[in-house]
Amino acid sequence: MARKVAMLLNAPYPADIRVKKETDALINAGFEIFLICLRKKNQAPREVVEGINVIRIDAGKNNYVLAFWDVVMSITFIHPRFKKALNKLLLEEKISIVHVHDLPLAGTALALRRQFSIKVIVDLHENYPEALRTWFKWKKNLIVRLKNKLFLNPDRWFKYETKACLEADHVIAVVDEMKSRLAKSSGVDLEKITVITNTEDKNFIEQKLNKDVYENIPNGFIITYSGGIGPHRGVDTAIKGMAHLRDKPIYLVIVGFGSPSVMTSLKELATQLQLQNVYIKGYQPFEKFYSYMHLADVNVIPHQSNGHTDNTVPHKLFQGMMAGRPLLVSTCAPLKRIIEEYKSGLVFKADDATDFAAKVETLYSDKQLCEKLGANGTTATINGKLNWETTQLDLINLYNANAG
């Protein structure tokens, strides 16, 4: 008989790659998953998605309604709609564990913990309080800025993070740096925190190779950024760095998407610098990511280094290593640590466009170095332990230890 788990996700599903990997692992290990999440327009209230019992609630189909519920959660640390749905599910099903994806919904699960004798696992995808601070920096709407200042106070969320981590039965951190920070800031016992990092499935390299992804890019040395785009991602630093490389056949390709304002600012920056060596491709389907990464000469992750980025790690780090190409990453703590430990790329000083360009030139001028660094990445991920097939074992062991 399958052991039953409830998950809370303050976002629509399917969408989140981390949630999919964790649910796949647990289902294959014999757990039955009930995922309560937000409902987008035209999505069914309930359906089974790849083995997950998805329960969708109406709590925001536009930014205004979502903002309202964000304010409610920031005042009470409980989401009434999620609490109602979880309460109903707990009455209907014999649930032993509630797995909360990220800090905002932790209080909702903890509010029902004693009533239903459930164990609560808080899965912190990121340093949420610092993420709030980072996100607020680039919000220009005065009403939004006022709302954030009044209600979504990062310092208040830091205090609640401590409370939630102490009350939870177990905490999942996404990277070692996050585990150390939580133990220091919250006083949580290290044994109560398990690191489940964002490694990738080995089948990532089995994506069909699309040799046409760079067909409109001149022949030369291609460096590629792929994934979500926001101010904290440091893509602007990479663009500024290309101003130092305009005399060489080196091209920066940006694959991914962000808010309209962010994408517009990046395009304006490239235009302002009169760069002909930057190509912004916009959104591309995930099925093309291996092609973009494998057919590039270098994959870049130019993140800023701050309290947010220094406590998380992107999937694209491990995807890039699997693709067998060298990485160029910033001194953002987890990126620097992993790249230096596995000798799979070079590191430049975060926010330093000149150093970024210098490291690109080093890779451009040394093909043998590129091959060696790329091979080290493949060894660490495909042949080593930096893959989801290995990482998921820690998640399954955690669940086996806590399941009733």
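Modeller: E47 counts as partly exposed, at 35% relative accessibility (buried is under 20% relative accessible area, exposed over 50%, partly exposed in between, with a 1.4 Å probe and protein chains only). This is a predicted model, where local features need pLDDT of at least 70 and side-chain atom pairs count only at pLDDT 80 or more, while totals for chains, interfaces and linings use all residues. Residues are numbered from 1 along each chain as its sequence is written, and side-chain values use heavy atoms, with hydrogens and water left out.

Colleague: Which side chain meets E47 in a salt bridge?

Modeller: A salt bridge is a side-chain nitrogen of Lys or Arg within 4 Å of a carboxyl oxygen of Asp or Glu. For E47 the N to O value is 2.7 Å, and the partner is R56.

Colleague: Is R56 buried or exposed?

Modeller: Buried requires a relative accessible area under 20%. R56 has 5% relative accessibility, so R56 counts as buried.

Colleague: In which helix do K20 and D24 both lie?

Modeller: K20 and D24 form a salt bridge, their closest N and O atoms being 2.8 Å apart. Helices are DSSP runs (H or I, at least four residues), numbered from the N terminus. The two residues are four apart, about one turn, and both lie in helix α1 (residues 17-28).

Colleague: How many salt bridges does the structure hold?

Modeller: One of them joins R133 to E130, with the closest N and O atoms 3.5 Å apart. R18, E22 and D123 are linked in a network of salt bridges. The structure holds a total of 20.
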